[in-house]
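These are my notebook entries on one protein model. I recorded what I looked up, entry by entry.

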Amino acid sequence: MRGRWPGITLSCDANSAYKLKDADHVVEFDAFDLLMIEQPLWHDDFYYHSMLQKRLQTPICLDESIRNRRDTLAAIEMESCRIINIKLGRVGGFSEAIAVHNAAQERGIPVWCGGMLETGVGRSHNIALSTLENFTLPGDISASARYWVDDIIEPEVTVSLAGEITIPDTAGRGYEVRTDLVERLTVRKETIRALELVV
Ligand SMILES: [Mg+2]
């Protein structure tokens with residue numbers, strides 16, 4: 001890839017494929033001038049990532065290891081990574097995602113928003129999150145048309161040739177759920193009765 005396109009931004013995600021015994025091999029990735037190597041080691045590790053990062057010129061990005069703000073602080077303190085991938089689902093929603101973003105920003109660690117296969121609902125949340133100012137690296141958010149014939153939101157998400165998404169200026173997420181389409185696509189319905197809380 002690098003030989004064919006010497007000038008493009010490239011990064012890779014190992015999804016925990018390596019062990020520390022592979023360090024000599026992973027260090028060779030420095031030759032490819034990558035933006036980052038994501039999650040090379042175990043999904044629950046900070047210590048061995050910090051040892052590997054010491055040997056690498058290329059920044060390590062942590063994804064699965066970062067579940068909350070506390071993990072973020074530990075990873076940065078231990079110098080286990082120089083970039084963090086924030087996924088709303090992985091950290092448990094907006095409050096924690098913003099806390100991770102802020103903790104990273106205060107310590108000079110850039111972040112980006114991971115994702116891919118969301119329907120428009122998840123996609124629109126990812127777009128909203130990505131408007132925070134420390135999301136400075138290219139994210140995973142793609143156009144609705146990349147995965148869906150008909151996305152279940154309107155307007156559908158479009159990405160320009162420059163790889164940019166124009167943010168709607170309406171309130172909230174800026175995208176409406178197409179309830180008629182959801183209705184048409186529904187194959188099964190179940191009603192869950194909420195318990196009434198007595199205090
Ligand atoms: Mg990843």
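Entry 1, pairing. The model is a predicted one. With that criterion I looked up strand β4, residues 83-86, which pairs with β5 in the parallel sense over 3 bridges. For Ile84, I found that the bridge partner in β5 is Val111.

Entry 2, the sheet. I then asked in what order the strands of the open sheet run. The order is β1-β2-β3-β4-β5, a sheet of 5 strands with parallel pairing. At the edges I noted β1 (12-13) and β5 (111-113); each has a single partner strand, so one side of each is left without a neighbour in the sheet. As background, I noted that strands of a sheet pair through backbone hydrogen bonds, either parallel or antiparallel.

I counted 8 helices and 7 strands in the protein. The C-alpha trace spans about 55 × 55 × 30 Å along its principal axes. Of the 199 residues, 28% count as buried.

Which residues of α2 are buried? In this helix, residues 47-55, I found His49, Leu52 and Gln53 to be buried. They cover an arc of only 105° around the axis, which puts them on the same side of α2. On the face of α2 turned away from the buried side, I noted the exposed residues Lys54 and Arg55. The cover over the buried residues of α2 includes α1 (23-27) and β3 (60-62).

I returned to His49, which lies in helix α2. Why does His49 count as buried? There are 23 other C-beta atoms within 10 Å of His49, and the cut-off for a buried residue is 20 or more. Leaving aside residues up to four places away in sequence, I listed the residues that His49 touches: Leu41, Ile60, Leu62, Ser80 and Cys81. I also checked His49 against Thr119: the two are 70 residues apart in sequence and 33 Å apart in space, C-alpha to C-alpha.

I looked up two residues other than glycine with a positive phi, starting with Asp33, where phi is near 50°. Asp33 lies in the loop between α1 and β2 (37-38). It counts as partly exposed, with 13 C-beta neighbours inside 10 Å. For Gln39, phi is near 40°, again a positive value. Gln39 is found in the loop between β2 and α2. Is Gln39 buried or exposed? With 24 C-beta neighbours inside 10 Å, Gln39 counts as buried.

Which residues does the cis peptide bond join? I found that it joins Glu154 and Pro155, with omega about -5°. Pro155 is found in the loop between β6 (153-154) and β7 (176-177).

Terms used:
Residues are numbered from 1 along each chain as its sequence is written. This is a predicted model: local features need pLDDT of at least 70, side-chain atom pairs count only at pLDDT 80 or more; totals for chains, interfaces and linings use all residues. Helices (H or I, at least four residues) and strands (E, at least two) are DSSP runs, numbered from the N terminus. A residue is buried if 20 or more other C-beta atoms lie within 10 Å of its own, exposed if 12 or fewer, and partly exposed in between; C-beta atoms are placed from the backbone. The arc is that of the directions from the helix axis to the C-beta atoms. Two residues are in contact if their C-beta atoms, placed from the backbone, lie within 7 Å. Two strands pair if DSSP finds at least two bridges between them.
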